[in-house]
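Trainee: Could you walk me through this one? I have not looked at it before.
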2 protein chains.
Amino acid sequence: MTHPVGVFSAALTPLNADLSPDHASFLTHCRYLLDEGCTGIAMLGTTGEANSFSAKERMALLDAVVSGGIAPDRLLPGTGVAAFTETVELTKHALSVGVTTVVMLPPFYYKDVSDDGVFAAYSEVIQRIGDSRLRVVLYHIPQFSAVPLGHDLIARLIAAYPNTVTGIKDSAGKIDNMTAMVGRFPGFSVLAGADPLLLPLLRAGGAGCITATSNLVARDLAFIAANFNNDALAAEVNAAQDRVVATRNRASQFAQIASLKAMTATRTGQSGWLRMRPPLLPLSPAELAQL
Amino acid sequence: MTHPVGVFSAALTPLNADLSPDHASFLTHCRYLLDEGCTGIAMLGTTGEANSFSAKERMALLDAVVSGGIAPDRLLPGTGVAAFTETVELTKHALSVGVTTVVMLPPFYYKDVSDDGVFAAYSEVIQRIGDSRLRVVLYHIPQFSAVPLGHDLIARLIAAYPNTVTGIKDSAGKIDNMTAMVGRFPGFSVLAGADPLLLPLLRAGGAGCITATSNLVARDLAFIAANFNNDALAAEVNAAQDRVVATRNRASQFAQIASLKAMTATRTGQSGWLRMRPPLLPLSPAELAQL
């Protein structure tokens, strides 16, 4: 893909008893998500607990998915970590297995860094990789990264790397920020990081979403993306949107990632889905019962 | 060391032109810091830009320092990263070269995590390493980690691992928080993360410091630590403290790490010390001139 368009799932990562990624269950989950209608899978993101895995663990999971038969052009792994040299390593590895689009956090340890510094970090990564196939989706999620990506910085990155910096995942949850980017950056893919915002963002010219609730409601999201501007299906689109919002609200009563994993454990009948990597923890028995 | 006591330098990391760590210059700097009177070197911390280096780069730098003849018991490398499995890998590597005391950040990507989650992360690391030689200095630096370590959490960690969790570096800059820990946790090493607080913390029963300005004023800090309770030398101690405060203030006019590197470039006559890893950047020419 050049500019990512569609519904991408921020896939959850199932864990073995020793808290290592469960490759087989993840592969099954990827197939399920594509069968449900996802355009692709944004594996190894915030929802996938990626920053709780080492570089080796991340590369091994991507290898397992590609070896398992998922087409590399359906995958958008997260590769942005605190050290730009490791971001380079993870991104080169993705390219080596045929994956060309990655979702890239800015370096997130140092805070209150300048736009010049964040620009320099992305520049180092893109220039050191030096691969014209690479497509980077920037990742704005200040509630976790604490390194927000402002519009002037994004404009500089697009101007410097127009064929590489092709999109952004905006997980800050504010539709106005997304629509402002749609207006300012024609052709740039603005992807909502929150499921309920897919519909309003598509209506405003956005490209789609990379979201967490998609682990459970991908079929509804895919239906919305395919039919949002079809007046004859407005009632069905609105009904799908209502189900998306209801599922997201249900998953947000308690810690969101743990809740989505618990709901996936129920869907699949596999209790291994309940496991979480510290510092995130599974829901308590009382929370599980209430969910 | 069992409980770290003394003046530890949060060593700066010199870089080659390709922004890789300059092993030879770093080794020279470590020897300088020990010659100036530092008890030890807290390499690969925030001041050392450690989280901008990959695990491989971190391990290679530690290998170079130990191979270069710095005694492992004078080293306290930072090993805490976002992924606990990588924290385990880095810490095991340190132990493998004879280093037993490490400074360990909590996992710092996810925010607003529970004390139970942070406790679980430290527990996984300590239990998976399973080495009775290990000594962990906790690291409270909420302005960067955004994961503060409260006293109840610290109490739980000390109770669970009394021979392992032996100290804390408090870089939040509040002396009251440090003295409260001195009072609550007898025998636990409370180390100031800000140079001007070494003297008041020692007077309140603290163990010492792990600080950045020590890259320039280690001799004064060592003098303070050796003589803070010697009334006959009160004037000299106060004069040393005044120099520490003045140097720190000078380094804080602009970005602190870049300023300390610029001042080290001046001291050594080696311009390579000016280099920084993105997202941090060197001082501008105007800032350099003013400094």
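Mentor: Let us begin with a term: a residue is called buried if 20 or more other C-beta atoms lie within 10 Å of its own. Please keep in mind that this is a predicted model.

Trainee: OK, so which residues of strand 3 of chain A are buried?
Mentor: In strand 3 of chain A, residues 101-104, Thr101(A) and Val103(A) on one side are buried, and so are Val102(A) and Met104(A) on the other, which leaves both faces of the strand covered. As a general point, side chains in a regular strand alternate between the two faces of the sheet.

Trainee: And in which sense does strand 3 pair with strand 4 of chain A?
Mentor: The two strands pair in the parallel sense over 4 bridges, strand 4 of chain A being residues 135-140, and within this pairing Val103(A) stands opposite Val137(A). Between them the chain passes through helix 4 of chain A, residues 115-129, in a β-α-β crossover that is right-handed.

Trainee: Switching topic, how many residues of chain A are in contact with chain B?
Mentor: There are 33 residues of chain A in contact with 33 residues of chain B. Helix 4 of chain A gives the largest share of the side that touches chain B, 6 residues, and by class that side of chain A has 20 nonpolar, 7 polar and 6 charged residues.

Trainee: Why do the copies meet through the same surface?
Mentor: Because 100% of the interface residues of chain A are also interface residues in chain B.

Definitions and conventions. Residues are numbered from 1 along each chain as its sequence is written. Chains are lettered from A and ligands numbered from 1 in the order in which they are written. This is a predicted model: local features need pLDDT of at least 70, side-chain atom pairs count only at pLDDT 80 or more; totals for chains, interfaces and linings use all residues. A residue is buried if 20 or more other C-beta atoms lie within 10 Å of its own, exposed if 12 or fewer, and partly exposed in between; C-beta atoms are placed from the backbone. Two strands pair if DSSP finds at least two bridges between them. A crossover is right-handed if, with the strands pointing away from the viewer, the path from the first strand over the helix to the second runs clockwise. Two residues are in contact if their C-beta atoms, placed from the backbone, lie within 7 Å. Ala, Val, Leu, Ile, Met, Phe, Trp, Tyr, Cys and Pro count as nonpolar, Asp, Glu, Lys and Arg as charged, and the others, Gly among them, as polar.
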